[in-house]
Amino acid sequence: MSDWIARAGQDPALMNDFATLCGFGGRLAGSGQEDAAMDWALERLRETGGTVSRVNVPYDGWRCLDARLQLLQGDAAGVMAGAAAGDSGAALACKPLLRSLSTPEGGLVGEVLDLGIGRLDDFDRAGDTVRGKIVLVRHEYPFSPTHMHRRRKYDLAVARGAIGFLIANPLPDKGLLSGSSGRARGGPGIPAAYIDFEAGERIAAACAAGRARVRLVIDGEELPDALAGVGILDLPGRTDDRIVISAHMDGHDLGQSALDNATGVVVALAAARALAPRVSDRTHGLRICFFSAEEWALAGSARYLGGLSVEELGHLKLDINLDTVAGDDSLTALISDFPELEGFVANSAALSGVPVATYLPLMPNSDHANFAAHGIPAMRLLAGFDRPDSRVNNILSPGDVPSVVREAELRQSVKVTCAMAWQGLTMSGPELDAMQRRTA
Ligand SMILES: [Zn+2]
């Protein structure tokens with residue numbers, strides 16, 4: 001390993017940055033916490049040299065004003081009477097998906113259909129009985145080759161005629177989860193919420209007994225002028241070409257978004273400090289991009305990249321996206337159907353002395369997917385791939401706090417990121433362009 005990469009892994013400011021960033025809170029876009037954190041991160045970048053800037057891009061902002069869920073008692077007739085009276089039933093914890101459709105005045109009352117995990121098979125088996133029901137499905141650990149993402153389950157529920165969507169945490173004692181519905185402003189959709197494991201069990205038991213009716217109240221408000229910050233550090237090299245390191249600043253409000261994604265931001269800051277003095281007239285340029293509204297169906301990076309000219313996009317030669325880069329000691333690069341990145345990652349792993357696996361199929365679960373959509377070779381560095389029992393399983397939950405992250409995990413990610421960026425910065429133009437080959 002190069003001495004400077006080993007030294008980068010010992011960055012003395014890393015853990016202080018991590019504590020400071022987590023101290024801003026969960027950094028939900030629109031809360032103000034993500035803006036304050038962005039300002040802080042840009043101050044940190046200013047200390048490394050280069051040109052620091054911030055642009056703001058519009059996104060479909062939204063906030064939750066009220067959310068309640070009741071498991072109603074009695075038979076159908078009694079349920080309706082209880083629903084009218086508003087006082088019958090057990091209150092259960094719930095957390096609306098971001099941008100959920102609001103329920104009608106008085107809430108949505110309906111029968112729940114338990115679809116188990118909620119895969120395509122489960123929906124197919126239920127057939128037309130889905131129509132008019134509130135469906136119950138289970139969240140899955142999002143980083144595995146076989147999982148089905150929340151938004152795909154939600155989209156299936158909408159397509160099959162469900163009137164509501166409940167998605168339960170599969171883990172006991174882990175509380176609620178957060179996530180986005182992906183519904184566009186003014187777009188079609190159904191009321192949708194996360195529930196905790198225990199609420200899922202109670203509703204499932206009621207379903208098994210043939211009397212599962214719930215009342216769901218979701219009152220959300222559109223924020224028409226919402227803006228997502230994009231923080232940028234630009235370090236020019238010999239050419240106009242840029243190697244990009246990206247990480248999202250925003251998160252969710254149940255925990256402190258320590259894993260997802262304070263880890264990525266502070267590793268990017270440390271890598272910027274180590275790389276800045278090495279960007280020169282013998283290398284390409286380096287750009288650090290911090291995005292917001294990633295948790296809103298990747299809206300911030302989509303709008304930023306969508307606003308660049310074809311020429312500007314053509315100069316972005318590689319995106320190294322850091323998202324949840326600690327929480328387990330295993331690292332994987334999700335290489336987005338760019339097969340040449342396999343060798344690139346192997347070389348970077350050798351250079352850093354840290355093993356890094358690769359996974360070829362595109363996983364559109366972070367900002368790298370928007371770079372890939374523009375034909376830019378893009379990967380996501382991730383800890384805990386296919387390890388559902390790792391500490392990474394605290395993401396999106398109240399358990400996403402600094403104590404689930406180990407210092408050694410952050411430090412090895414700094415080394416890998418430096419090795420990846422350095423390899424990109426020193427490749428020839430034709431070598432960089434060769435990485436654009438795509439399998440899918
Ligand atoms: Zn993330």
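**Entry 1: cavities**

I took a cavity to be, on a 1 Å grid over the protein atoms alone, a set of points where a 1.4 Å probe fits but cannot get out, with lining residues having an atom within 4 Å of a point. Grid points are joined across faces, edges and corners, and a volume is the space filled by probe spheres set on the points. The largest cavity is lined by 24 residues, of which His149, Arg150, Glu295, Asn365 and Leu396 are the closest to its centre. The structure holds 2 cavities of 30 Å³ or more.

**Entry 2: basis of the values**

I note that the model is predicted, so that local features need pLDDT of at least 70 and side-chain atom pairs count only at pLDDT 80 or more, while totals for chains, interfaces and linings use all residues. Residues are numbered from 1 along each chain as its sequence is written, and side-chain values use heavy atoms, with hydrogens and water left out.

**Entry 3: H2 against H3**

I next examined helix H2 (residues 14-22) and helix H3 (residues 33-46), which pack at an angle of about 160 degrees with their axes 10 Å apart. Helices (H or I, at least four residues) and strands (E, at least two) are DSSP runs, numbered from the N terminus. Axes are lines fitted to C-alpha atoms, for helices over the stretch in contact, and angles run from 0 to 180 degrees between N-to-C directions. H2 and H3 are therefore roughly antiparallel; angles over 145 degrees count as such, those under 35 as roughly parallel, 65 to 115 as roughly perpendicular and the rest as oblique. I recorded the crossing of H2 with H3 as right-handed, the term for a near helix turned clockwise from the far one by less than a right angle, anticlockwise being left-handed. Asp17, Thr20 and Leu21 of H2 touch Ala37, Trp40 and Arg44 of H3, where contact means heavy atoms within 4.5 Å.

**Entry 4: H2 against H13**

I found that the axes of H2 and helix H13 (residues 407-426) come within 11 Å and cross at roughly 110 degrees. These two helices are therefore roughly perpendicular. From H2, Leu14, Met15 and Phe18 make the contact, and from H13, Glu407, Leu410, Arg411 and Val414. I counted 5 nonpolar, no polar and 2 charged residues in the contact of H2 with H13.

**Entry 5: H3 against H8**

I then read the axes of H3 and H8, which come within 10 Å and cross at roughly 15 degrees. H3 and H8 are therefore roughly parallel. Trp40, Ala41, Arg44 and Leu45 in H3 meet Leu269, Ala272 and Arg273 in H8.

**Entry 6: backbone**

I checked the peptide bond from Asp260 to Asn261 and found it cis, with omega near 20 degrees. Asn261 lies in helix H8 (residues 258-275). I also noted Ala293, a residue other than glycine with a positive phi, near 55 degrees. Ala293 sits in the loop between strand E12 (285-291) and helix H9 (299-306).

Technical notes: 1 Å grid on protein atoms, 1.4 Å probe; cavity = no way out; pocket = protein on both sides within 12 Å on 5 of 7 lines; lining within 4 Å. Nonpolar A, V, L, I, M, F, W, Y, C, P; charged D, E, K, R; others polar.
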